[in-house]
Amino acid sequence: SALPLDGGEAPPHSREPDRAAVPVKRMRYSHFGCNVVHEDVAYARGEDAHRAKMELKKAVEGKQVGGKLPAEHGHGTEYKAPRETAERWKNMDPRNTMNPGVGCTSEEVFYK
């Protein structure tokens, strides 16, 4: 995730019973001087890890933290890319051969 330029704080994981699971381990590391923080999060077996990740995404991007997830390396296939980002990828790779499905875009040739 990318934290705000003022440094920010790691968002807490929810501890409310109807919310996502609390991780058993959080591992944070970053690149010196570029304001990008990586966090690997481990959950107990049987926990809904996807729901927990979406809760963390909401916390990172909320008004209190003001960060962005995902940052730096891109969107993978788990997070929907912003419209402007998806359009830029389509312009750079009109055949959709380099990263089909990235950012929840189409996996089909020509994005069909």
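**Entry 1: terms and model.** I take buried to mean under 20% relative accessible area, exposed over 50%, and partly exposed in between, with a 1.4 Å probe and protein chains only. I also take helices (H or I, at least four residues) and strands (E, at least two) as DSSP runs, numbered from the N terminus. The model is predicted, so to speak of local features I need pLDDT of at least 70 and for side-chain atom pairs pLDDT 80 or more, while totals for chains, interfaces and linings use all residues. Residues are numbered from 1 along each chain as its sequence is written, and side-chain values use heavy atoms, with hydrogens and water left out.

Entry 2: I looked up helix α2, residues 83-92, and found Thr85, Ala86 and Trp89 as its buried residues. These three lie on the same side of α2 because they cover an arc of only 100 degrees around the axis; the arc is that of the directions from the helix axis to the C-beta atoms. On the other side of α2 I noted Arg83, Glu84 and Asn91 as exposed.

**Entry 3: salt bridges.** How many salt bridges does a search of the whole structure find? I recorded four, where a salt bridge is a side-chain nitrogen of Lys or Arg within 4 Å of a carboxyl oxygen of Asp or Glu. One of them joins Arg83 and Glu84, whose side chains meet at 3.4 Å, N to O. Both of these residues are exposed.

I then went to helix α1, residues 49-61, where Glu55 and Lys58 lie three residues apart, about one turn of the helix. Glu55 forms a salt bridge with Lys58, and their closest N and O atoms are 3.9 Å apart. Glu55 counts as buried at 18% relative accessibility, whereas Lys58 counts as exposed at 52%.

Lys57 and Glu61 are four residues apart in α1, so about one helical turn separates them. I noted Lys57 as buried at 16% relative accessibility and Glu61 as partly exposed at 30%. An α-helix has 3.6 residues a turn, so residues three or four places apart point the same way.

Entry 4: Tyr111 lies in the segment after α2. Is Tyr111 buried or exposed? I have it as buried, at 16% relative accessibility. Tyr111 has a positive phi of about 60 degrees although it is not a glycine. The charged end of Lys90 sits over the Tyr111 ring, 5.5 Å from its centre; this requires NZ of Lys or CZ of Arg within 6 Å of the ring centre and within 35 degrees of the ring normal.

Asn96 is in the segment after α2 and is buried at 4% relative accessibility. Which residues does Asn96 touch, not counting residues up to four places away in sequence? I listed Ser106, Glu107, Glu108, Phe110 and Tyr111, with contact meaning heavy atoms within 4.5 Å. A polar contact of 3.5 Å joins the side chains of Asn96 and Tyr111 (a pair of N or O atoms within 3.5 Å; within protein, one must be able to donate a hydrogen and the other to accept it, and residues adjacent in sequence count only if both atoms are side-chain atoms).

**Entry 5: Cys104.** Cys104 lies in the segment after α2. Cys104 has a positive phi of about 65 degrees, although it is not a glycine. I noted Cys104 as partly exposed, with a relative accessible area of 44%.
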